[in-house]
Amino acid sequence: MRSSPLHPEPPHSEPPHSEPHHPEPPHTEPHHPEPLRLEPRLEPRLRTLLEAGDFLHPLVDALGSPLNVLLPEQLADNLARFRAVYREHHLAGPIHFAHKANRSRALVRRLAATEAGLDVASLAELQHVLGDGITPERVIATGPKNRAFLWLAARTGVAVSLDSTAELDELADLVRKNALPRVRVLPRLSGFRAQGVTVLSRPSRFGTDVGALDGLLDALERHRDAVELTGLAYHLDTVDLNEKAVALEACIQAMNECHRRGFHPRTIDIGGGFGVDYLADGAQWQRYTTELTKSVLGHRDPLTWQGHGYGLRNEAGTLRGTLGLYPAHRPLAAAAYLDALLRHPAPTLGRPLATLLLENLYDLAVEPGRALVDQCGAALARVLEVRRTPDGDTLVRLEMNARDVSLEEHGVLMDPVLVPRPGPPSAREAPAAPDGVHLIGNLCLEADLITRRKVFLPRLPAPGDLLAFANTAGYFMDFSADRALQQPVARKVAVHRQDGAWHWRLDEQYWPIDATAPDGNATAIATAEEQGERQA
Ligand SMILES: *Cc1c(COP(=O)(O)O)cnc(C)c1O
């Protein structure tokens, strides 16, 4: 992008309103530009929860701020949406939740009551899911692994997504030395290239280069006594459908090569990365990014703390850099994204990828993290203080820090929802939102801003109100949370609605026994039956 050499417009350059008969309160401040809102997309269950201030405030009073609230029933619904896409394309295969997206026990236990599998990426995650009711045939171990992780996977009969030939050697050695049962393995591939000159796939620190498949199959042959090749896997962290189509087609071809070499793998595991649409209104996102660009160029008042540009910078009037943000408005996401990928023509073979999978009788495995916990929760924080700085900024100090809701770290820009303290309005007036506020955290650190972005709220919060960071169950609410300064890590509660009222349990006290909606259960049983034949 490149700017025209405009003279920077002075901020607030519009003429003042002249409505002489309107009884405006005395108003000495300059004209406020239109607020730049980035309202979160809320599905009915989460929306209803965030409207229940009478329920949420006592919870935070009792359990402290920050507080993470989870909606396990939503997870079951999201799973059903993914399964519906499989059904539409007549495909079979497991749907694994990528555990790293959230540490909650309630979510794992809710999944245990469905047909879902789990993708675990550490020893502790494996221990967690086995202990909460996920049986080993439903688990796949991915990511970098130490010897203990490999041992427990092999010992219990968990499938292993192999990161490299070295990992294969180590696993086979472990199996032989300890007389363990043969392990199902799905080597992870990477380095996919499109035909022609353009390399579409980004480099990855994980997996074996697809060009080195021959050597990998040689190693698998050597280790036949210790491991069984049941499939191939990849995971690409990209939003680009073309890039994923290149990888999936390459995997289908690699599977065919495995069969030529006398192996009988059946499953292609295409990993996660189906994405989430975070914002309610695409126009708000467009407008925000346009105004951010203007503000980086000095063509409007700043929109961020100390002129932070989210990757953009102003070099002598020219815009440089690239916007380092998640595409928060992403209409094609989650199950719909999987559907689009399956309908996508294979880059060289031409026909839809789902057709190729079907014709070869390959199963499809997926590992959605973020997308399966879409709309599954919110992080709540109490407002402690609202103050004006001498520079004219408004600071809203929260009983939470930037690590408790790592939206900023993950590049997702989304407004919190104001949950006012119930009861009569306090003595203070409730002014409309000013030019925007800065949300600051509870750490004794200059850098502890919940977001570097100025946030425009419908009205100014007051101490005692809650701000709810909606749709934060995927990565934001607990991926980075720690005990810096011995501040508390948020507690988690699982909530569900029954007979017109909200009910809650501490995360670790949740079991999907009596907190499960009857219809959610029916879905789980039906889909488990569908899977029965395949797993038998
Ligand atoms: C992180 C990860 C996932 C999940 O990715 P999402 O973007 O959350 O869907 C799946 N598989 C592997 C191997 C991963 O590392």
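Which residues lie nearest the centre of the largest pocket? In this predicted model, they are K100, H235, L236, D237 and Y475, out of 39 residues that line the largest pocket. The ligand takes up the space of this pocket, and 13 residues surround the ligand. A search of the whole structure also finds 2 cavities of 30 Å³ or more.

**The largest pocket**
- The volume of the largest pocket is about 860 Å³.
- Its lining divides into 16 nonpolar, 12 polar and 11 charged residues.

**The ligand and its shell**
- Of the residues around the ligand, the closest are K100, G273, E367, R370 and Y475.

- On the side-chain side, a polar atom of K100 lies 2.7 Å from an oxygen atom of the ligand.
- G273 uses its backbone instead, with an N or O atom 2.7 Å from an oxygen atom of the ligand.
- A polar backbone atom of G369 is 2.9 Å from an oxygen atom of the ligand.
- Taken alone, the ligand exposes 390 Å², and the protein buries 87% of that area.

**The largest cavity**
- The largest cavity holds about 60 Å³ of space.
- Residues L407, E408, V412, L413, M414, I450, T451, R453 and F469 line the largest cavity.
- In the lining of the largest cavity, 6 residues are nonpolar, 1 is polar and 2 are charged.

Note on methods
Residues numbered from 1 in each chain as written. Predicted model: local features only at pLDDT ≥ 70, side-chain atom pairs only at ≥ 80, totals over all residues. Heavy atoms only, no water. Near = heavy atom within 4 Å. Polar contact = N/O pair within 3.5 Å; in protein donor to acceptor, adjacent residues only side chain to side chain. Areas by Shrake-Rupley, 256 points an atom, 1.4 Å probe, with all protein chains shown as cover. 1 Å grid on protein atoms, 1.4 Å probe; cavity = no way out; pocket = protein on both sides within 12 Å on 5 of 7 lines; lining within 4 Å. Sits in = over half its atoms within 2 Å of the grid points. Points joined across faces, edges and corners; volume = space filled by probe spheres on them. Nonpolar A, V, L, I, M, F, W, Y, C, P; charged D, E, K, R; others polar.
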